[in-house]
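The entries follow in the order of looking.

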Amino acid sequence: MDSSEVKNFLEEGESLVSQETKDLLSSLPREEGCAVDYIYQFQGFWFTEVHLQGVLTCQRQFKAHDNDLLLVTNPKSGTTWLKAMAFAIVNRRFYSSTTKNHPLLTNNPHELVPLLEEVYVLDHVELDLTCTAGGFVQSSSRLFSTHMPYLFLPQICQGQLTPKDTLISLWHFMNKLRPKNLEPNSLEEVFELYCKGAVGYGPFWDHVLGYWKESLERPEMVCFLKFEDMKKEPKLHLKRLAEFLGHPFSLEEETQGVVDEIVRLCSFENMSNLEVNKTGKMATTGLEKNAYFRKSKVGDYVNYLTSEMIERLDQIIKEKFHGSSLNF
């Protein structure tokens, strides 16, 4: 199946789901989805039928290399920013952040760092994942992303946004994905599903804790980043990310301002104002590219959630993260 057929599926609703996956889905608990008819619970987490197929196929077919780099995020937790920074870090010997031909100036970060479960939706296709996504020369380290919980894919680098901000970002994003003939999801509806954990790749707390625990036990394999920390000190955490990815900045690069230039290149202000991110649609999802850039602010939830909602979520977070040493 080529990209035009994928586009037809996204626009016309043709199913990519295999009979094997359909049989599995028929046995799973389900809830009404925010952007799709139903979302299904599998091994404690929730997936759309297409993403569950991608996850299962990826488990069967993906062959990891020793130097592969995987960026893992809970949906709507700073994924676009993390992809941009990681791509700029590992490919800076090919593309200077100050040059006019940098791939991030002409490509959305999601086009340069593919999501594994979308790549692997087509389980009948033999895939050749190379280091030339988007037609650009790239580092010998393959760079991928995923939203899969740790239970499904245990090799990662993780970034996170606070649960309350993630909820608001998810609500906006799901309404952009929702078919135009349906009324938008109300915040109250999405809030209830979020508290139950019945949202894509949720529950949030179980997803996050899986990677947090591994980051404590195997810090050489798992780098856990928090969106709030990265927003507060982007330069510090960019350097930390580069070190973990095996592409540390040299003293000469720091002196020459390379770190500052990458921070500027990948900033929300710069990325959201690039023409490539303001117009057009993603080939894999059919979603407008500007949907990936909303506010990139910490604490924006106070403008949407009632005091009762905040109190309820705080109580859930307190219970779920109790004894983990992880704070939001």
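**Entry 1: helix 4 and helix 11.** I began with the handedness, and the crossing of helix 4 and helix 11 is right-handed (left-handed if the near helix is turned anticlockwise from the far one by less than a right angle, right-handed if clockwise). I note that this is a predicted model, in which local features need pLDDT of at least 70, side-chain atom pairs count only at pLDDT 80 or more, and totals for chains, interfaces and linings use all residues. Residues are numbered from 1 along each chain as its sequence is written, and side-chain values use heavy atoms, with hydrogens and water left out.

Helices (H or I, at least four residues) and strands (E, at least two) are DSSP runs, numbered from the N terminus. The axes of helix 4 (residues 79–90) and helix 11 (residues 234–244) come within 10 Å and cross at roughly 60°. Axes here are lines fitted to C-alpha atoms, for helices over the stretch in contact, with angles from 0 to 180 degrees between N-to-C directions. Helix 4 and helix 11 are therefore oblique to each other (under 35 degrees is roughly parallel, over 145 roughly antiparallel, 65 to 115 roughly perpendicular and the rest oblique).

I listed the contact (heavy atoms within 4.5 Å): W81, L82, M85, A86 and I89 come from helix 4, and P234, L238, L241 and A242 from helix 11. By class this contact has 9 nonpolar, no polar and no charged residues. Ala, Val, Leu, Ile, Met, Phe, Trp, Tyr, Cys and Pro count as nonpolar, Asp, Glu, Lys and Arg as charged, and the others, Gly among them, as polar.

**Entry 2: helix 11 and helix 13.** I found that the axes of helix 11 and helix 13 (residues 258–265) come within 10 Å and cross at roughly 105°. That makes helix 11 roughly perpendicular to helix 13. P234, K235, L238 and K239 of helix 11 touch V259, D260, I262 and V263 of helix 13. The classes here are 5 nonpolar, no polar and 3 charged residues.

**Entry 3: helix 7 and helix 8.** Helix 7 (residues 163–177) packs on helix 8 at an angle of about 130°, with the axes 10 Å apart. The two are therefore oblique to each other, and their crossing is right-handed. I noted P163, T166, L167, I168, L170 and W171 in helix 7 meeting L187, V190, F191 and Y194 in helix 8. This contact has 9 nonpolar, 1 polar and no charged residues.

Entry 4: How many cavities of 30 Å³ or more does a search of the whole structure find? I read 2. A cavity is a set of points on a 1 Å grid over the protein atoms alone where a 1.4 Å probe fits but cannot get out, and lining residues have an atom within 4 Å of a point.

**Entry 5: backbone.** I checked P203, which a cis peptide bond joins to G202, with omega about 5°. P203 is in the loop between helix 8 (187–196) and helix 9 (204–217). K76, in the loop between strand 4 (69–73) and helix 4, has phi near 65°, a positive value in a residue other than glycine.

Terms used: On a 1 Å grid over the protein atoms alone, a cavity is a set of points where a 1.4 Å probe fits but cannot get out, and a pocket is an open set with protein on both sides within 12 Å along at least five of seven lines; lining residues have an atom within 4 Å of a point. Grid points are joined across faces, edges and corners, and a volume is the space filled by probe spheres set on the points.
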